[in-house]
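Dear colleague,

I am handing over the structure below, and my notes on what was found in it follow directly after.

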Amino acid sequence: ASEMPEVPRGLRMLGYGNRKFKMPMAISNSPLATSFEKSWPDTWPYKDEDFARRDENDADFFETAKLGPGLDKDASAALKFFHA
């Protein structure tokens, strides 16, 4: 069987209160990780209507409780690793 190529990992970021923190398992060359290197606009570029739902009537959706995992097993394992 062929092996998967090694993925570069590790990322340092600014968090709440401009505190630096490490994310050792983050894939450092992923599109999400590289998005933090970009320069963002000084003002919020969106209007409230940009976030409006297509169907504002979703009361039926919340009538029945739905139970199920919120994370897949890989995401759950990563969280357990970080919080161990």
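**Surface and pocket notes**

E3 is exposed, with a relative accessible area of 75%, where exposed means over 50%, buried under 20% and partly exposed in between (1.4 Å probe, protein chains only). This is a predicted model, in which local features need pLDDT of at least 70 and side-chain atom pairs count only at pLDDT 80 or more, while totals for chains, interfaces and linings use all residues. Residues are numbered from 1 along each chain as its sequence is written, and side-chain values use heavy atoms, with hydrogens and water left out.

E3 lies in the segment before β1 (9–14), strands being DSSP runs of E with at least two residues and helices runs of H or I with at least four, numbered from the N terminus. Between the C-alpha atoms of E3 and L71, which are 68 residues apart along the chain, the separation is 26 Å.

F81 sits in helix α2 (residues 73–82) and counts as exposed because its relative accessibility is 51%.

The largest pocket holds about 160 Å³ of space; a pocket is an open set of points on a 1 Å grid over the protein atoms alone, where a 1.4 Å probe fits, with protein on both sides within 12 Å along at least five of seven lines, and lining residues have an atom within 4 Å of a point. The volume is the space filled by probe spheres set on the points, which are joined across faces, edges and corners. Its lining is formed by R9, M23, M25, A26, D72, D74, A75, A78 and F82. Two or more of the lining residues come from each of β2 (20–27) and α2, and α2 gives the most, with four residues.

Best regards
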